[in-house]
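Here are my notes on the model. Please read them with the structure open.

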Amino acid sequence: MNRPPIALVPGAELPARCIGPITQTDIVRFAGAGGDFNPLHHDTDYALRAGLPGVISMGQMQAGLLAAWLTDLVHVEHLLSYAVRFASPLAVGETLELSGRVESVDPDTGTAELSLAARSANRAVVTASARVRTARAN
């Protein structure tokens, strides 16, 4: 499918999305899909011994949720690059707040640079940057 790119303007905030609260089932399903069976993601006693408040989600889960939200907005065929930084763990019961901002638009190339974040209780969990195609001004 080749949908046209959406129009983006510098400084625009992308429509936010909340996901959660995250459940143990969410984490186990992601572990099964991705093959990440680190006990930090399913064994509460192990996670507590490691100094965590309990089981945590894998960073790739939050990065994937952020990417899916972005591609729902801009359409996956227009995503040119995506880079993430894992900032803090996400525990069972927390809710993710996904947000983004258009940092710049290059009308010559028809691309936009975006800053993105997945936060829980005003704490960054994952931050990201993306480059996407945008509709060219007429």
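1. This is a predicted model. Start at His 75, which sits in the loop between α3 (59–74) and β2 (79–86). His 75 follows α3 and has a positive phi, near 75°.

2. Is His 75 buried or exposed? Its relative accessible area is 16%. Buried means under 20%, so His 75 counts as buried. Beyond its neighbours within four places in sequence, His 75 contacts Arg 3, Pro 4, Ile 6 and Leu 70.

3. α3 itself has 16 residues. From first C-alpha to last it reaches 23 Å, close to the 22 Å expected at 1.5 Å a residue. Its buried residues include Met 61, Leu 66, Trp 69, Leu 70 and Val 74. The buried residues of α3 pack against β1 (17–19), α1 (24–34), β2, β3 (96–106), β4 (111–120) and β5 (123–133).

4. Now the charged pairs. The count comes to 6 salt bridges. One of them joins the side chains of Arg 3 and Glu 77 (2.8 Å, N to O). Arg 3 lies in the segment before β1 and Glu 77 in the loop between α3 and β2, 74 residues apart. Arg 3 is partly exposed, at 29% relative accessible area.

5. Arg 123 and Glu 94 also meet in a salt bridge (3.0 Å, N to O). Arg 123 is in strand β5 and Glu 94 in the loop between β2 and β3, so this pair ties together parts 29 residues apart in sequence.

6. Glu 113 and Arg 131 form a salt bridge at 3.5 Å, N to O. The pair links strand β4, which holds Glu 113, to strand β5, which holds Arg 131. Glu 113 is partly exposed at 33%, and Arg 131 is partly exposed at 32%. Shared partners also join Glu 13, Arg 101 and Glu 103 into one salt-bridge network.

Key
Residues numbered from 1 in each chain as written. Predicted model: local features only at pLDDT ≥ 70, side-chain atom pairs only at ≥ 80, totals over all residues. Heavy atoms only, no water. Helix = DSSP H or I, 4+ residues; strand = E, 2+ residues; numbered from the N terminus. Buried < 20%, exposed > 50% of the residue type's maximum accessible area, 1.4 Å probe, protein only. Contact = heavy atoms within 4.5 Å. Expected span 1.5 Å × (residues − 1). Salt bridge = Lys/Arg side-chain N within 4 Å of Asp/Glu carboxyl O.
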